[in-house]
Amino acid sequence: MSKKIRLVDENGIRTDGRKPDELRPIKLEVGILNNADGSAYIEQGKNKILAAVYGPREVHPRHLALPDRALLRCRYHMAPFSVQERKSPAPSRREVELSKVIREALEPAIFLERFPRTSIDLFIEVLQADGGTRAAGVTVASLALADAGMPMRDLVAACAAGKADGYIVLDLNDIEDKEGEADVPVAYMPSLNAVGLLQMDGQLTPEEFEQAFNLAIEGCKRIYELQKQALKAKYLAIKEAVEEAVE
Amino acid sequence: MPVFFENREIVTPGDLLAEGGFDAGRNTYKIDSKIYACKLGLVEYKGRTVSVVALNTFYVPSVGDLVIGKIVEINLHGWIVDINSPYSATLRASEVFNKPYKPQKDELSEFLSIGDLIQAKVIAYDRTRDPLLTIREPGLGKITHGQIVKVSPAKIPRIIGRKGSMISMLKKETHCNITVGQNGLIHIYGRNPEDERIAVLAIKKIELEAHTSGLTDRITEMISKERGSDK
């Protein structure tokens with residue numbers, strides 16, 4: 001079977017010019033929506049994703065409220081213009097699944113038991129998709145939660161690794177995701193050394209899986225540093241401006 | 001007993017703050033002997049206690065707090081009040097009437113109707129029940145004049161200042177009556193709109209620059225500058 005597209009060339013360089021263990025350029029911004037309690041925005045390669053958090057607030061409808069902890073509700077949604085062919089705005093099977101796995105990746109990070117009978121509503125809106133949106137969605141959602149002042153055990157960073165043209169590669173883009181052999185998205189809490197999301201699509205040997213998993217964890221750690229910087233940036237900018245004005 | 005940050009450095013959730021014989025203060029949690037931050041904020045090491053001053057929070061009621069709220073609903077037994085918190089509060093009719101309250105005779109909306117703002121005190125709250133309010137204390141009750149400013153509840157301690165230094169300075173300089181609700185709503189009532197405008201400006205500046213030092217002096221300076229520009 002011959003491949004139509006070469007994903008990694010003879011020098012080990014990928015279609016977008018990256019090395020196998022290189023992340024796409026990431027831009028993170030925190031607190032960009034005024035009407036939400038917390039918000040964040042990520043650009044990871046060609047991905048553009050917004051996240052907004054409301055809450056904790058009273059649960060509507062009332063009967064969903066949990067007596068011992070907050071209810072975390074998550075909606076992952078792709079805008080109709082986020083992909084080449086217009087996507088129907090109605091939630092697809094895939095979006096419902098991703099909403100669930102993202103929620104489950106974030107749940108262990110939040111002190112939900114401190115706010116019984118309330119709900120925390122999380123909206124992840126994919127404006128432009130280019131592979132690895134569930135991982136980028138987790139990354140940006142955890143920033144929005146921290147921005148809202150939610151008590152959290154740790155920030156959650158997420159990143160995918162996989163196999164393309166026989167190479168184990170980090171942070172797959174859309175072509176590598178579709179044409180490659182395997183995709184392993186991982187969500188990880190670095191301070192606690194805990195994994196919140198682990199999926200695999202495609203085929204890997206046990207050795208390759210371990211290699212891909214470790215590479216994804218490495219990627220998560222790098223993203224975690226960027227998350228911390230992004231959270232602090234807003235306040236450090238004010239501090240610097242004030243100190244400059246004083247001098 | 002190592003610490004990993006400097007005093008008043010910005011930390012993010014999950015940052016390891018200290019290890020060894022420390023106590024976990026506000027906005028931190030402990031696993032074994034390690035203390036981690038659970039909010040974005042400024043770390044504070046005071047003796048053996050490690051705490052984080054959060055940069056953004058929402059209001060969680062606590063008994064004894066003075067709050068400013070808005071009536072959103074009237075039912076048979078009292079009023080439902082929005083106090084800018086995850087839980088809406090109840091003000092019982094019996095807290096307002098001096099005589100025994102009779103639902104068939106007394107009309108609640110004659111005293112407080114929907115949309116009215118009140119100053120109240122939290123008299124009961126725990127995680128199983130919504131907060132209860134009272135207005136049976138001097139200074140509490142319906143707000144009839146002035147304006148309301150909303151800030152993040154995390155900035156309230158900064159607006160009050162150490163032992164009330166910031167708030168007493170504000171009151172003196174702006175000639176306004178200022179009541180600070182712990183839930184992030186602030187009631188300002190001055191002799192004229194100009195005083196109120198300056199007070200609002202000052203409070204907004206404190207909110208924005210809460211995590212910087214030397215703030216009281218800068219606010220005093222700002223107020224006198226604002227006054228100067230009118231004349």
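This is a predicted model: local features need pLDDT of at least 70, side-chain atom pairs count only at pLDDT 80 or more; totals for chains, interfaces and linings use all residues.
Strand 3 of chain B, at residues 23–24, runs parallel to strand 7 of chain B, and two bridges hold the pairing. Strand 6 (residues 41–46) and strand 7 (residues 49–54) of chain B are antiparallel and joined by six bridges. The hairpin made by strand 6 and strand 7 of chain B has two residues between its strands, and there B:Gly47 adopts a positive phi near 60 degrees.

Taken together, these pairings belong to an open sheet of four strands in chain B, ordered 1-6-7-3, with mixed pairing. Its edges are strand 1 (10–11) and strand 3 (23–24) of chain B, each of which pairs on one side only. Strands of a sheet are paired by hydrogen bonds between their backbones, in a parallel or an antiparallel sense.

B:Met1 belongs to the segment before strand 1 of chain B. With a relative accessible area of 65%, B:Met1 is exposed. Even so, B:Met1 is in contact with B:Glu19, B:Gly20, B:Gly21 and B:Phe22, when neighbours within four places in sequence are left aside. The C-alpha atoms of B:Met1 and B:Glu19 are 5.8 Å apart, although 18 residues separate the two along the chain. In the loop between strand 3 and strand 4 (28–31) of chain B sits B:Asn27, a non-glycine residue with a positive phi near 55 degrees. B:Asn27 has a relative accessibility of 17%, so it counts as buried.

Turning to chain B as a whole, four helices and 16 strands are found. Of its 231 residues, 51% are buried, and its C-alpha atoms fill a box of roughly 65 × 55 × 20 Å along the principal axes. The domain assignment divides chain B into domain 1 (10–54), domain 2 (66–142) and domain 3 (147–230). The C-alpha centres of domain 1 and domain 3 of chain B lie 30 Å apart. Among contacts in chain B between residues at least 6 apart in sequence, 56% link residues at least 24 apart.

Helix 2 of chain B (residues 165–174) has B:Met166, B:Ile167, B:Met169, B:Leu170 and B:Thr174 as its buried residues. These residues lie on the same side of helix 2 of chain B because they cover an arc of only 160 degrees around the axis. An α-helix has 3.6 residues a turn, so residues three or four places apart point the same way. B:His175 follows helix 2 of chain B and has a positive phi near 55 degrees.

For A:Leu106, the contacts beyond four places in sequence are A:Leu72, A:Leu122, A:Val138, A:Ala141, A:Ser142, A:Leu145 and A:Val156.

Finally, the two chains meet through 35 residues of chain A and 32 residues of chain B. Between them they bury about 2,800 Å², of which 58% is on carbon and sulfur atoms. A:Arg117, A:Lys232 and A:Tyr235 account for 22% of the area that chain A buries against chain B, more than any other three residues. A:Arg117 is located in the loop between helix 1 (93–106) and strand 5 (118–128) of chain A. Though not a glycine, A:Arg117 has a positive phi of about 70 degrees, and its relative accessible area of 22% makes it partly exposed. Chain A also contains a cis peptide bond from A:Gly55 to A:Pro56, with omega near 0 degrees, and another cis peptide bond joins A:His60 and A:Pro61. A:Pro56 is part of strand 3 (residues 47–58) of chain A, while A:Pro61 falls in the loop between strand 3 and strand 4 (71–78) of chain A.

Key. Residues are numbered from 1 along each chain as its sequence is written. Chains are lettered from A and ligands numbered from 1 in the order in which they are written. Side-chain values use heavy atoms; hydrogens and water are left out. Buried means under 20% relative accessible area, exposed over 50%, partly exposed in between (1.4 Å probe, protein chains only). The arc is that of the directions from the helix axis to the C-beta atoms. Two strands pair if DSSP finds at least two bridges between them. Contact means heavy atoms within 4.5 Å. Domain bounds come from an automatic or database domain assignment. Buried area is the accessible area (1.4 Å probe) that two parts lose on being put together, summed over both.
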